[in-house]
Amino acid sequence: MSSEAPSRAEIDSGEAPAPPSWPWIVLGAVVVLGLAALTQFLVTWVPEVTAGTGFGQVADSIEFPVYAIILGFLGNVILSALRIRRRLAPAFRTEFFIKTGVVLLGASINIAVIVRAALPSIAQAVLMISGVFFFTWWLAGLLHLDDKLRALLASALSICGVSAAIAAGGAVKAKKEQLAYVASLVIIFAVPAIFLLPWLSGILGLSPAVTGAWIGGNIDTTAAVSAAGAIAGEEPLQIATIVKVTQNALMGVVAVLLSLYFTFRVERSTGGERPGWGTVWERFPKFVLGFIAASIIATIFLSAAADPDGAKAAIGVVNNLRTWFLVLAFVSIGLEFQASSVREAGWQPVVVFAGATVFNLVLGLILASLLFGNFQV
Amino acid sequence: MAGDIRPEDPPTQAGKFSVNEDWLATAVGLVLLALVLVGAIPVGVIP
């Protein structure tokens with residue numbers, strides 16, 4: 001996701017921002033860390049206390065994203081009832097937590113896997129972005145939506161959710177309310193997908209690589225992709241992340257193309273500055289470089305280590321750190337969530353989002369099966 | 001227009017950090033990785 005991606009609280013429109021206050025930010029950080037610690041505790045405690053009961057097997061299969069998101073939502077409800085959630089919101093750094101988690105995830109993936117997965121990932125990203133973008137653009141046009149809202153919806157659905165909508169919003173000069181609305185839709189559709197896709201993958205008997213590619217190509221936000229991947233397993237998580245960061249990396253290209261289209265076709269203006277490679281670099285998600293660097297460093301570290309077991313144990317510590325950052329991100333998803341702007345928006349964009357999501361699911365499954373059917377992690 | 005979203009717009013809500021989040025996440029992730037690999041964060045410290 002791009003560096004400009006704000007949290008849900010940031011992009012919510014129509015409410016006066018709270019003044020900055022470090023005591024509230026520190027308190028918010030304590031809330032996030034506390035809920036993350038409670039998540040880690042529940043992951044081991046619930047299976048222990050339910051062992052031997054009917055719920056025991058279910059408890060064993062519940063992964064940490066489930067506890068984290070549920071606790072985040074519960075925290076959201078309580079803090080909202082106490083009317084202090086917005087004051088604490090600056091500490092709910094979903095974007096930062098997930099990006100740091102993705103960088104650390106790079107250390108658990110051999111660089112050779114990233115290199116092998118690069119070609120099918122790029123092919124899937126280009127086909128998915130093109131297919132879903134134009135389908136959404138067409139469907140939104142059918143329902144007579146404004147061109148700018150069409151661009152936001154199409155970008156959010158085809159690339160990477162909120163960040164892509166923000167990039168597209170800048171490119172087409174969309175209104176803040178339109179951006180807030182699309183961002184709300186992204187979150188509303190992403191949360192059920194976190195649970196739905198791993199479940200469907202199991203029912204369809206998909207391989208770990210196809211499951212990962214399907215999750216990475218379909219779910220709109222990187223945080224939700226990581227949550228779904230973590231539920232599906234370690235290998236699906238790795239492939240899902242590679243596919244997702246590839247899609248993210250193409251966001252700048254789409255932003256430039258949209259800028260050109262709206263400058264010369266929709267608004268027929270010739271006076272504006274022409275977007276170029278600078279925009280591509282500006283929109284490039286730089287944490288992808290950290291992800292690749294971590295993979296290279298860990299691959300060299302493991303292959304050059306005099307004590308292979310000690311080296312593997314060290315990477316295990318990195319994995320534990322990664323899990324902490326992912327838990328912090330998933331807790332923040334729940335804490336940041338607010339659906340207020342969706343209520344004011346009318347039904348057409350919801351229909352477009354739902355229709356394009358179904359198209360996205362089907363196209364994603366076909367492409368993932370074709371491109372990752374024989375892939376071994 | 002006042003309601004436009006521009007790429008260079010700062011975060012709209014007060015209290016957010018202004019440091020580029022991508023680079024910050026990259027730096028924090030790689031520093032943590034380095035600390036683990038040199039043994040500054042030993043096995044068993046992170047639950």
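**Reading contacts, cores, helices and salt bridges**

Colleague: Which residues does A:Phe372 touch, not counting those up to four places away in sequence?

Modeller: Contact means heavy atoms within 4.5 Å. A:Phe372 touches A:Ala117, A:Pro120, A:Ser121, A:Gln124, A:Ser207, A:Ala209, A:Val210, A:Ala213, A:Ile239, A:Val243 and A:Leu367, leaving aside residues up to four places away in sequence. This is a predicted model: local features need pLDDT of at least 70, side-chain atom pairs count only at pLDDT 80 or more, and totals for chains, interfaces and linings use all residues. Residues are numbered from 1 along each chain as its sequence is written, chains are lettered from A and ligands numbered from 1 in the order written, and side-chain values use heavy atoms, without hydrogens and water.

Colleague: How many residues are in the largest nonpolar core?

Modeller: A core joins buried Ala, Val, Leu, Ile, Met, Phe, Trp, Tyr and Cys through side-chain atoms within 4.5 Å. Buried is under 20% relative accessible area, exposed over 50%, partly exposed in between (1.4 Å probe, protein chains only). The largest core here has 128 residues. A:Ile219, A:Leu258, A:Phe330 and A:Phe372 have the most contacts inside it. Helix α17 (residues 308–336) of chain A gives the most to this core, with 15 residues.

Colleague: Is α9(A) mostly covered or mostly uncovered?

Modeller: Helices are DSSP runs (H or I, at least four residues), numbered from the N terminus. α9(A) is mostly covered, with 12 of its 12 residues buried. Among them are A:Gly161, A:Ile166 and A:Val172. Just after α9(A), A:Lys173 has a positive phi of about 55 degrees.

Colleague: How far apart are the end C-alpha atoms of helix α9?

Modeller: The expected span is 1.5 Å times one less than the number of residues. The 12 residues of helix α9 (residues 161–172) of chain A should span 16 Å. The end C-alpha atoms are 16 Å apart, which agrees.

Colleague: Why does A:Arg150 count as buried?

Modeller: Its relative accessibility is 13%, so A:Arg150 counts as buried. A:Asp147, at 26%, counts as partly exposed. The two form a salt bridge, their closest N and O atoms 2.9 Å apart.

How values were computed. Helix = DSSP H or I, 4+ residues; strand = E, 2+ residues; numbered from the N terminus. Salt bridge = Lys/Arg side-chain N within 4 Å of Asp/Glu carboxyl O.
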